[in-house]
Amino acid sequence: MAKQIQAIRGMNDILPTQSPLWQQVESVIRSTVSAYGYSEIRTPIVESTDLFKRSIGEVTDIVEKEMYTFADRNEDSLTLRPEGTASTVRAGNEHGLLYNQEQRLWYMGPMFRHERPQKGRYRQFHQFGVEVYGIPSADVDAEVLMLSARLWDSFGIKEHVKLELNTLGDTAERAAYRDALIAFLEQHKEQLDEDSKRRMYSNPLRVLDSKSPQVQAILTDAPALMDYLGEESKTHFSTLCELLDAVGIEYTVNPRLVRGLDYYNRTVFEWVTDSLGSQGTVLAGGRYDGLVGQLGGKDTPAVGFAMGLERIVLLLQTLELDKDVAPVVDVYVTAMGEKCVVEAIKIAQELRQNLPTLKVMTHCGGGNFKKQMKRADRSGAEYALIIGEDEIANQQVAVKPLRNKNEQLLVARADLATTIKSLF
Ligand code: ATP
Ligand code: MG
């Protein structure tokens with residue numbers, strides 16, 4: 001036998017048994033963004049490598065070691081998108097969507113990062129994200145957080161995620177803090193690990209979220225970003241906190257939260273769960289007022305977040321909230337004998353016509369009663385319709401419940417749609 005070819009490590013198939021849950025997650029997302037008046041944007045999966053280098057930052061985990069970068073046939077350097085914000089800004093600039101106007105956008109789709117695959121961390125994964133442009137005030141920071149909180153409500157996982165919040169100040173404040181932090185780290189250089197030493201000058205804020213306990217211990221006495229904030233940044237943050245209080249969204253201020261991408265300023269946040277081990281961040285984002293300008297557009301305030309779909313799916317499965325996902329088939333139509341096939345197909349078609357949301361599968365390939373009932377059961381359908389010669393002669397259809405012990409019904413064909421409708 002020929003050797004089978006396997007999927008690429010860290011890239012998953014979403015199998016038919018899992019796709020109903022994925023679809024449910026996606027459908028909750030779609031109705032939530034729609035309830036907030038956001039518009040969808042779809043960008044290509046491949047972009048110029050420079051786009052990500054210039055936006056995410058040269059000295060970030062993503063750009064340093066996680067990107068799928070390759071030369072196109074004409075030697076252009078291309079990259080499979082590792083995230084959605086850079087592409088959204090690129091498209092916004094290119095099509096003049098961001099110039100002197102407000103945009104509330106969302107996207108959903110696969111992202112690619114060459115990471116070590118483990119639970120909740122894959123090389124192809126999916127993100128849903130929102131990006132809002134043109135609004136500098138904290139009310140819109142609150143809006144995107146409210147939108148995310150509504151998602152938790154709809155998924156039924158509100159009790160299992162919590163919000164961590166921080167502010168990074170504006171560019172000048174960050175720069176002043178950066179200098180103070182470097183000065184502090186220089187005094188403790190010997191105790192830092194290799195990663196932190198390397199980042200100390202290039203991206204010192206990243207040292208703050210070092211995973212090393214020794215580094216964390218040193219940081220206890222490090223200067224605090226909050227002390228470097230000017231009035232405007234302070235007011236922005238306190239306004240956001242007041243709005244969140246007013247709408248009942250609880251949060252913890254985490255002064256160590258800096259996020260792994262370079263483009264954030266002021267507000268940064270993460271929604272985290274305790275139920276997924278170390279891959280606990282399910283949604284992360286913040287404000288990035290400098291990025292549109294940095295990528296060649298006119299300076300435009302912006303705020304957004306990205307949510308990892310795999311982690312939400314895993315969380316729903318872990319909490320056993322994936323049980324009442326709707327089955328793929330509602331009604332399975334059988335034909336008892338070859339002479340009944342045409343009528344069975346017609347009845348199925350009439351049902352689909354009359355009840356457009358009903359999921360109707362017809363049995364194909366013949367076989368005896370037992371075989372057809374086995375298939376009906378395996379389809380997950382709630383009811384089997386039995387079309388035999390007697391039923392056809394009497395203009396009737398037998399409706400057999402498959403998931404409860406109720407009696408089989410004999411329904412006039414003219415009343416079939418009404419009866420089925422009443423059963424769901
Ligand atoms: P982490 O700290 O877990 O590496 P990150 O800071 O790299 O996350 P972002 O780039 O902000 O994450 O992406 C937003 C969200 O996308 C994450 O919170 C997570 O839910 C999801 N995500 C990121 N990388 C992966 C991955 N490799 N596999 C699955 N989901 C991911
Ligand atoms: Mg990461």
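Modeller: The discussion below takes up salt bridges, helix packing, individual residues and backbone angles. Please keep in mind that this is a predicted model.

Biologist: Let us begin with charged side chains. How many salt bridges are there?

Modeller: A salt bridge is assigned when a side-chain nitrogen of Lys or Arg is within 4 Å of a carboxyl oxygen of Asp or Glu. By this rule the model has 22 salt bridges. One of them joins the side chains of Asp 61 and Lys 65, with an N to O distance of 3.8 Å.

Biologist: Which residue meets Lys 197 in a salt bridge?

Modeller: The partner of Lys 197 is Glu 194, again with 3.8 Å from N to O. Here the spacing is 3 residues within helix α7 (residues 194-202), so about one helical turn lies between the two. As for accessibility, Lys 197 is partly exposed at 27%, whereas Glu 194 is exposed at 59%.

Biologist: Which parts of the chain does the salt bridge of Asp 377 and Arg 403 tie together?

Modeller: The closest N and O atoms of Asp 377 and Arg 403 are 3.1 Å apart.

Biologist: Which residues are linked in a network of salt bridges?

Modeller: Such a network links Glu 343, Lys 346, Glu 350 and Arg 413.

Biologist: I turn to helix packing. At what angle do α5 and α9 pack?

Modeller: For a pair of helices, one reads the angle, the distance between axes, the handedness and the residues in contact. Helix α5 (residues 138-155) and helix α9 (residues 231-246) pack at about 40 degrees, and their axes are 8 Å apart. The two are therefore oblique to each other, and α5 passes α9 in a right-handed crossing. On the α5 side the contact is made by Ala 138, Asp 139, Asp 141, Ala 142 and Leu 145, and on the α9 side by His 236, Thr 239, Leu 240, Leu 243 and Leu 244. Sorted by class, this contact has 6 nonpolar, 2 polar and 2 charged residues.

Biologist: Is the crossing of α6 and α7 left-handed or right-handed?

Modeller: The crossing of α6 and α7 is left-handed. The axes of helix α6 (residues 171-187) and α7 come within 9 Å and cross at roughly 145 degrees. Helix α6 contributes Arg 178, Ile 182, Leu 185 and Glu 186 to the contact, and α7 contributes Met 200, Tyr 201 and Ser 202. These residues divide into 4 nonpolar, 1 polar and 2 charged.

Biologist: Let us consider single residues. Is Tyr 177 buried or exposed?

Modeller: A relative accessible area under 20% counts as buried. Tyr 177 is found in helix α6, and because its relative accessibility is 1%, Tyr 177 counts as buried. Apart from residues up to four places away in sequence, Tyr 177 touches Leu 205, Leu 208, Pro 223, Ala 224, Leu 225 and Tyr 228.

Biologist: What does Asn 203 contact, leaving aside its neighbours within four places in sequence?

Modeller: Asn 203 is in contact with Val 59, Thr 60, Arg 178 and Asp 262, those neighbours being left aside. Asn 203 is placed in the loop between α7 and α8 (213-219) and is buried, with a relative accessible area of 7%.

Biologist: Finally, what is the phi of Asn 100?

Modeller: Most residues other than glycine have a negative phi. Asn 100, though not a glycine, has a positive phi of about 50 degrees. Asn 100 lies in the loop between α4 (85-94) and β5 (103-112) and is exposed, at 58% relative accessibility.

Biologist: Where does Arg 266 lie, and is Arg 266 buried or exposed?

Modeller: Arg 266 lies in strand β9 (residues 265-273) and is buried, with a relative accessible area of 12%. Its phi is also positive, near 50 degrees.

Terms used:
Residues numbered from 1 in each chain as written. Chains lettered and ligands numbered in written order. Predicted model: local features only at pLDDT ≥ 70, side-chain atom pairs only at ≥ 80, totals over all residues. Heavy atoms only, no water. Helix = DSSP H or I, 4+ residues; strand = E, 2+ residues; numbered from the N terminus. Buried < 20%, exposed > 50% of the residue type's maximum accessible area, 1.4 Å probe, protein only. Axes fitted to C-alpha atoms, helices over the stretch in contact; angles between N-to-C directions. Parallel < 35°, antiparallel > 145°, perpendicular 65-115°, else oblique. Left-handed = near helix turned anticlockwise from the far one by under 90°. Contact = heavy atoms within 4.5 Å. Nonpolar A, V, L, I, M, F, W, Y, C, P; charged D, E, K, R; others polar.
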